[in-house]
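Visitor: Please walk me through this one in plain words.
Guide: Happy to, here it is.
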Amino acid sequence: MVADTMVKTRWVYAFGGGGADGDASMKNLLGGKGANLAEMSALGLPVPPGFTITTEACVHYYANGRSYPDDLQAQVAKGLTRVEELTGKTFGDPANPLLVSVRSGARASMPGMMDTVLNLGLNDQTVEGLAQLSGDRRFAFDSYRRFIQMFSNVVLGLDHHMFEEILDDHKDRLDIQVDTGLSADDWEAVVADYKAAVARESGQPFPQDANDQLWGAVGAVFASWMNDRAKFYRRMHDIPESWGTAVNIQSMVFGNMGDSSATGVAFTRNPSTGENRLYGEFLINAQGEDVVAGIRTPQALTKIAREEMGDRQPSMEEALPEVFVQFKAVVEKLEKHYRDMQDIEFTVEQGRLYMLQTRNGKRTAKAALKVAVDLASEGLITKEEAVMRVEPASLDQLLHPTIDPASPREVIAVGLPASPGAATGKVVFTAEEAERLGGGIGEAVILVREETSPEDIRGMDAARGVVTARGGMTSHAAVVARGMGRPCVSGAGEIHIDGKAGEFHARGKTIRAGDIVTIDGSTGEVLQGQVKMIEPELSGDFATLMGWADTVRRLKVRANAETALDAKTARQFGAEGIGLCRTEHMFFDPDRIAAVREMILADDEAGRRAALAKILPMQRKDFVDLFGIMEGLPVTIRLLDPPLHEFLPHTEEDVVAVAAATGLDAAKLMRRAQELHEVNPMLGHRGCRLGVSYPEIYEMQVRAIIEAACDIVAQGKPAPIPEIMHPLVAKGEEMKFLKELTDRTAKAVIAEKGQPIDYKVGTMVELPRAALRAGDLAENAEFFSFGTNDLTQTTFGISRDDSGRFLNAYIDKGIFEKDPFVSLDQEGVGDLIRIAAERGRAARPDVKLGICGEHGGDPASIQFCEAIGLDYVSCSAYRVPIARLAAAQAAIGEREKDR
């Protein structure tokens with residue numbers, strides 16, 4: 001007989017009660033929250049007992065028509081029994097009820113994007129049992145009303161504003177300002193009205209069976225993995241849909257059981273600045289949602305923070321001194337254990353501390369740099385680990401202007417400095433308007449709200465900055481804005497918003513929708529009008545970490561630049577040369593466009609050469625400027641690439657205006673524009689095809705390059721390294737023709753000047769045929785620069801300029817994980833690059849290889865470049881630091897693979 005080798009899948013892992021089935025290494029299976037709850041339990045910290053339903057159960061749920069695994073219910077029941085034994089309470093028991101929270105928990109932190117239900121297990125009978133057990137009827141019915149509102153919104157799909165309106169009506173009738181002012185009888189009346197509203201809106205009474213409530217909440221958490229805001233957040237942060245979310249079911253502890261109870265959120269270091277001191281907020285007699293929702297203004301954790309804020313409410317250190325001492329010891333232990341800044345959620349129930357969550361805290365780029373450098377200096381991590389701790393893309397937050405401190409500031413409101421940086425824009429009051437103007441039209445907007453919610457994420461992403469009238473440093477607006485790198489001012493209580501009128505009032509001023517304001521997320525100030533900005537400082541922790549990165553990276557990093565300003569910026573950011581100088585940008589200069597058009601209109605070669613002679617000195621000066629700034633670093637210059645018709649006016653009105661301004665014949669201009677018109681110019685008479693048809697154009701450009709190099713040497717400056725690049729080459733015969741043209745012209749100039757110049761001749765690989773026949777090209781090309789923008793277009797047959805109309809649908813449906821124009825398609829386009837690299841090196845072992853498309857600044861694409869051994873990447877000037885750090889991380893990653 002063959003033994004039964006079938007092994008049941010384990011869907012449930014327990015934690016709490018002094019031990020756990022999992023640990024922090026099981027994040028993929030248990031999600032970040034579940035893995036860390038298990039780890040804290042194993043460390044002996046006070047964690048309320050519970051269990052985690054794995055991410056694999058979520059994957060099964062979606063793979064099987066939103067149905068649960070057959071044995072999941074039995075495993076959940078077993079997990080509940082363990083929690084009942086540890087707590088001495090019974091789920092659904094009217095006399096001694098166990099209440100639980102049901103929370104999501106993906107591998108990657110997605111704050112506020114998925115759903116949570118607290119106080120689950122309450123009904124008309126268990127609320128009486130809770131009142132009897134706690135001796136506090138007010139607390140029991142406060143918890144019940146919270147549960148009804150949250151469950152009805154998350155599971156039943158009812159609008160939470162309906163419940164807020166009911167509560168506001170009661171408070172108005174009772175003339176009470178804050179929720180804590182309501183009595184037990186008041187809350188009982190609110191509960192009755194809540195249940196009536198549920199029955200009216202859903203057609204069913206509020207569910208009373210605890211098990212029905214539990215499975216409704218589990219299903220809602222799984223379903224929230226695919227809600228619109230979660231999908232948008234995943235796309236924004238490159239989180240794969242295939243991961244799924246875990247569900248954490250945990251016994252409730254209550255921060256709303258009177259003045260010896262509290263709840264809060266803490267960071268072991270300041271998430272905005274990285275300063276090494278405890279940072280966070282708490283509320284007495286509250287539940288966790290009260291802190292993050294921004295409904296009540298929270299209090300400081302420490303006395304010094306309270307004094308700095310000018311707050312009169314006692315800090316946790318002062319209000320609960322014994323618990324605070326214990327709490328401080330726990331958070332210090334967690335930071336040392338995880339060797340990183342922690343984001344912690346906690347509850348105090350009648351003087352007893354419970355830890356509900358810890359995770360690596362989200363932080364601004366400035367804080368990430370400081371924390372990484374400080375942790376390395378403190379000996380907790382190595383320098384290489386510090387390099388790996390900073391997200392390369394987050395550096396973008398540091399590379400843009402901030403408010404000039406010398407500029408006059410007309411302050412119209414002050415709130416909390418929730419996310420640093422500065423932004424100017426038009427005031428909008430809804431996320432939809434921010435998305436329409438900021439995302440759709442590209443206008444700079446500042447989103448001003450009472451408070452934000454997860455539904456506002458698209459508008460927050462489209463806005464340049466966010467202001468909220470309510471909420472603290474750990475409110476939704478603050479956390480999400482920090483993660484996005486948007487400046488944010490939260491809790492600006494002096495702002496009074498009149499949404500219907502489309503305006504807000506503060507300090508006697510009225511600011512209307514469309515008015516310009518500036519926000520300073522580092523000081524919490526909202527300023528009237530546009531305020532002068534200054535360039536960032538790239539010293540201190542930034543310079544330290546980038547220095548560590550540069551010692552470990554192998555890939556060189558160059559910049560795409562064709563103006564002196566671009567080149568200087570690139571050098572400032574650490575570029576090691578220019579990887580793409582697009583000469584056509586120089587042709588569009590107003591001082592030379594007339595000569596360019598004269599060249600295009602010429603009837604013969606002699607006429608073209610006469611016009612080109614006018615352009616030559618201007619081109620030469622361009623290259624002298626770039627070579628001088630680069631001081632001996634390589635400069636890759638792409639010869640003329642776009643079709644000639646792009647330099648001509650097209651409408652009759654434009655033709656008349658150009659003719660009048662230049663003296664060119666209007667009829668000839670119009671006729672020539674019509675002659676050059678192409679149905680598909682992207683695949684037409686452009687790139688090296690111009691050099692083959694009109695060799696004199698490329699001859700002029702090569703002459704300008706070599707003459708400029710000779711001039712630089714004559715000035716006593718470091719000898720430049722010009723790399724002359726021919727675009728859109730497809731055949732070896734083309735490359736041979738162009739190499740001979742280049743060498744012939746260059747040698748003539750060198751002979752005239754009597755000055756030897758080292759130069760290289762290469763091509764931009766941007767066609768599939770060029771990649772496949774790279775060996776042919778390498779016979780005459782000394783370098784390949786992969787033009788991944790066009791290589792992606794020609795591989796997919798998709799126009800980058802038009803793809804925005806449909807690519808989002810492909811991403812939403814899972815056909816594309818990412819936009820291939822943003823992050824390299826490693827399977828298709830990447831395979832072509834890999835083939836070209838292999839075949840090019842086979843024909844010319846020392847061929848230099850790099851990429852110069854937009855992907856040169858994308859960390860995932862840089863990792864691919866490192867893996868296949870390219871020599872350099874080139875990107876826009878402002879992305880150079882991002883590429884430097886990403887290249888270092890890629891090098892470390894490749895080394896770890898080899899170990």
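Guide: A word on naming before we start: helices (H or I, at least four residues) and strands (E, at least two) are DSSP runs, numbered from the N terminus. This is a predicted model, in which local features need pLDDT of at least 70 and side-chain atom pairs count only at pLDDT 80 or more, while totals for chains, interfaces and linings use all residues. Residues are numbered from 1 along each chain as its sequence is written, and side-chain values use heavy atoms, with hydrogens and water left out.

Visitor: Got it. Which residues make the nonpolar surface patch?
Guide: F806, Y810 and I815 make it, with an area of about 270 Å². Patches are made of residues with over 30% relative accessible area and no salt bridge; like charges are joined within 9 Å, and nonpolar side chains (Val, Leu, Ile, Met, Phe, Trp, Tyr) within 5 Å. Accessible areas come from the Shrake-Rupley method with a 1.4 Å probe, and for residues only the protein chains shown count as cover.

Visitor: Where is Y810?
Guide: Y810 sits in helix α32, residues 807-812.

Visitor: What about charge, which residues gather in the negative patch?
Guide: D159, E165, D168, D169, D172, D175 and D193 gather there on the surface. In this count Lys and Arg are positive and Asp and Glu negative, with His and the chain ends not counted. The place of a charge is taken as NZ of Lys, CZ of Arg, CG of Asp or CD of Glu.

Visitor: Which helix gives the most to that patch?
Guide: Helix α6 (residues 160-174), with four residues. D193 belongs to helix α7 (residues 184-202), and D193 is partly exposed at 34% relative accessible area.

Visitor: Changing topic: how many salt bridges are there?
Guide: The count comes to 65. A salt bridge here is a side-chain nitrogen of Lys or Arg within 4 Å of a carboxyl oxygen of Asp or Glu. In general, side chains of opposite charge can pair when their charged atoms come close.

Visitor: Show me one. What does E451 meet in a salt bridge?
Guide: E451 meets R470, at 2.6 Å from N to O. This pair links distant parts of the chain, 19 residues apart: E451 is in the loop between β18 (445-449) and α17 (457-462), and R470 is in the loop between β19 (465-468) and α18 (476-484). E451 is partly exposed at 23%, and R470 is partly exposed at 36%.

Visitor: And which residue does E576 pair with?
Guide: With R553, the closest N and O atoms being 3.0 Å apart. E576 lies in the loop between α20 (564-572) and β28 (578-582) and R553 in the loop between α19 (540-552) and β27 (556-560), so the pair ties together parts 23 residues apart in sequence. E576 is partly exposed at 22% relative accessibility, while R553 is buried at 12%.

Visitor: One last thing: how far apart are F51 and V83?
Guide: They are 32 residues apart in sequence and 8.2 Å apart in space, C-alpha to C-alpha. F51 lies in strand β3 (residues 50-53) and counts as buried because its relative accessibility is 0%.

Terms used: Buried < 20%, exposed > 50% of the residue type's maximum accessible area, 1.4 Å probe, protein only.
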